[in-house]
Amino acid sequence: MAKVVVLTEIFFPEQTSTGYLLTKIAMGLAEEYDVQVITGIPTNFGQKINHDKYEVVNGVEIFRCHSTNFNKNHILGRLINSLSSSAAILLKCLIRCKSTDVVLVVTNPPFLPFIALLLKVVKGCNFVLLMHDIYPEALVAMQILTPSSILVKAWLLINRVLYSQAYKIITLGRDMNKLLKPKVYGNYQKIYCIPNWADNETISSTEKGENELLKKLDITDYFVVLYAGNMGRTHGVEYIAKAAEILNKDNHIHFIFLGFGAKKIWLENYINSQKLNNLSLISLYDRPRSEQIVSLNACDVAIISFLKGMAGISVPSRMYNHMAAGKPIIALTDDWSELAEVIREEEIGWIVKPGDVEGLLDTIKLAAAHPELCAEMGARAEIAAKTKYTFAQADKKYKELFREVFDTFIKETRN
C-alpha cells in the first residue's frame, strides 16, 4: 500500500489547532493509505507530556522525536525549539522515508517545509505543502523582519525553489490563493484549496442562560464578547483590550478571553494595570477542547482579531467552531481576507479594520443593542458550519488530492 508521511511539530494528543487538525487529516488518510507521522513530543500548551516514542493510533503510526522545550512565547526560545525539532525530524526522515513515499508537510514551524524539499533531493520523495501560515510574510506582518531585509529577500528566493518542487500546495482560503498565485509563476494547478472545518459533531448552539461558565462568572445577564484561542503575535489582542478599557464603566458589556500565547502575559498585566473589572481571562488548562461546546457558547458575539497585513498569510480555524456554536463574529481583519469573505457571503457578522478601536466600539455597541440581529446571524452561521464546513468535506478533498498524487506517481514510474 502507498505510504503518506506527515511531518508536523505537534500531533496527537495535542489540543492546539495545528496538532488537532493534522491528527484528523492523518487519521482520515489512514483509511486509504499507510500513514506515518514524524513529529515532536506532545505538549499541553507548551508543557511536555510523557508519551511513547512510537505508537499506533487509529491506524496511524506515530514516531516522536525529542527536542528542546524553551518558552515558546519568547522569540529566541521558539526559534531554538523549532530548529531542534526540525533537526530531529529530519534525522528520523532520512532513516525512514523511501522514494515511493509522499510527504505531507505543514508550514509551522517554517523550517519543516525545507526538510521535505531536502527529502525530495536526497530520497526522491514527492511532497505536498499544507500552508497554515506563509513565511516570511508572517514575520513581516509581525514587524519582526522588514520587507527589504536580506533575510526576507533570501527566504523569498528559496521559497521559489520550494514552491516549484512541491507537487501540490494546499491553501486554507481564497486570500491564500491570491497571495500565492504570483509565487508559482503560472503553475496555478499546484494550488489546491481545502478549508478547515467546524467540529460539528461536538459543537452546536446552546441556551445562554444555561451556560455553566457564564453562571460561574456571574455574567449571564451581561452582553458577552468572547475571544477564544491563540493570543499570538499576529493577533490584535491589544485592540480588544483597549475597547474593554473604554467600556470598563459600562455595567452591561463583559469580555472573556479564553486562550494562551505570547500576548497572554501582556494581557494579564494590562488587566491589572487598568483595573479592568469587565474582562475575564481564563486559561485553556481550565477549559480544554473537550469542553468547547460550553466555552464557545459563553457569549453573545465572538471576536477574531488580526494585525494589519495578515490577509492571505493565515486563516483562523477558530472561525468555523464559532459558527458551529451559532455565534455572530466581529472580525478585525483586512477586507480581502478569507475571514472577511466568509462573514460577508454568509451574513454572519461585522468586519472592522485592524487597529480601528473606535470602529470596534461602535460595532460592539450595535451588536449589544440588537440581540435579535445577533440571533439571526448566529443561526445563519450554524447552518453554514453544518452544510459548508464539515470534516467529511475536507476529508474527501484530501483523499482526492492524494489519489491524484499517487496516480501520477504510478504513471511516471511505468513510463
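Is Lys168 buried or exposed? At 7% relative accessibility, Lys168 counts as buried, since the cut-off for buried is under 20%. Please keep in mind as you look around that this is a predicted model.

## Lys168 and its surroundings

Lys168 sits in strand E9, which covers residues 168–171. The side chain of Lys168 reaches the backbone oxygen of Gln189 at 2.6 Å. Apart from residues up to four places away in sequence, Lys168 touches Phe127, Val128, Leu129, Gln189, Lys190, Leu401 and Glu404.

## Glu137, a buried residue in H4

Let us turn to another charged residue. Glu137 belongs to helix H4 (residues 137–141), and at 14% relative accessibility Glu137 counts as buried. The side chain of Glu137 makes a polar contact of 2.9 Å with the side chain of Lys183. If neighbours within four places in sequence are set aside, the contacts of Glu137 are with Leu156, Lys183 and Ile313.

Tyr135 and Pro136 are joined by a cis peptide bond, with omega about 10 degrees. Pro136 is found in the loop between strand E8 (126–130) and H4.

## Helix H8 and its two partners

Two packed helices are described by the angle between their axes and the distance between the axes. Helix H8 (residues 237–246) packs with helix H9 (residues 264–274) at an angle of about 15 degrees, and their axes are 11 Å apart. Angles under 35 degrees count as roughly parallel, so H8 is roughly parallel to H9. Their crossing is right-handed. On the H8 side, Val237, Glu238, Ala241, Lys242 and Glu245 take part, and they meet Trp266, Leu267, Tyr270 and Gln274 of H9. By type, the residues of this contact are five nonpolar, one polar and three charged.

With helix H13 (residues 357–369), H8 packs at an angle of about 60 degrees, and here the axes are 9 Å apart. That makes H8 oblique to H13. The crossing of H8 and H13 is right-handed. Here Tyr239, Ile240, Lys242, Ala243 and Ile246 of H8 meet Val357, Leu360 and Leu361 of H13. The residues of the contact of H8 with H13 comprise seven nonpolar, no polar and one charged.

## The buried side of H12

Which residues of helix H12 are buried? In this helix (residues 338–346), they are Glu338, Leu339, Ala340, Val342, Ile343 and Glu346. These buried residues pack against helix H6 (174–180), strand E14 (301–305), helix H11 (318–324), strand E15 (329–332), strand E16 (349–352) and helix H14 (371–388). After H12 comes Glu347, with a positive phi near 55 degrees.

## Backbone features in the loops

Most residues other than glycine have a negative phi, and most peptide bonds are trans. A cis peptide bond joins Asn108 to Pro109, with omega about 0 degrees. Pro109 is in the loop between strand E7 (102–106) and helix H3 (112–123).

Asn58 has a positive phi, near 50 degrees, and lies in the loop between strand E5 (54–57) and strand E6 (60–65). At 60% relative accessibility, Asn58 counts as exposed. Asp218 has a positive phi of about 60 degrees. You will find Asp218 in the loop between helix H7 (212–217) and strand E11 (223–230). At 63% relative accessibility, Asp218 counts as exposed.

Note on methods
Residues are numbered from 1 along each chain as its sequence is written. This is a predicted model: local features need pLDDT of at least 70, side-chain atom pairs count only at pLDDT 80 or more; totals for chains, interfaces and linings use all residues. Side-chain values use heavy atoms; hydrogens and water are left out. Axes are lines fitted to C-alpha atoms, for helices over the stretch in contact, and angles run from 0 to 180 degrees between N-to-C directions. Helices (H or I, at least four residues) and strands (E, at least two) are DSSP runs, numbered from the N terminus. Angles under 35 degrees count as roughly parallel, over 145 as roughly antiparallel, 65 to 115 as roughly perpendicular and the rest as oblique. A crossing is left-handed if the near helix is turned anticlockwise from the far one by less than a right angle, and right-handed if clockwise. Contact means heavy atoms within 4.5 Å. Ala, Val, Leu, Ile, Met, Phe, Trp, Tyr, Cys and Pro count as nonpolar, Asp, Glu, Lys and Arg as charged, and the others, Gly among them, as polar. Buried means under 20% relative accessible area, exposed over 50%, partly exposed in between (1.4 Å probe, protein chains only). A polar contact is a pair of N or O atoms within 3.5 Å; within protein, one must be able to donate a hydrogen and the other to accept it, and residues adjacent in sequence count only if both atoms are side-chain atoms.
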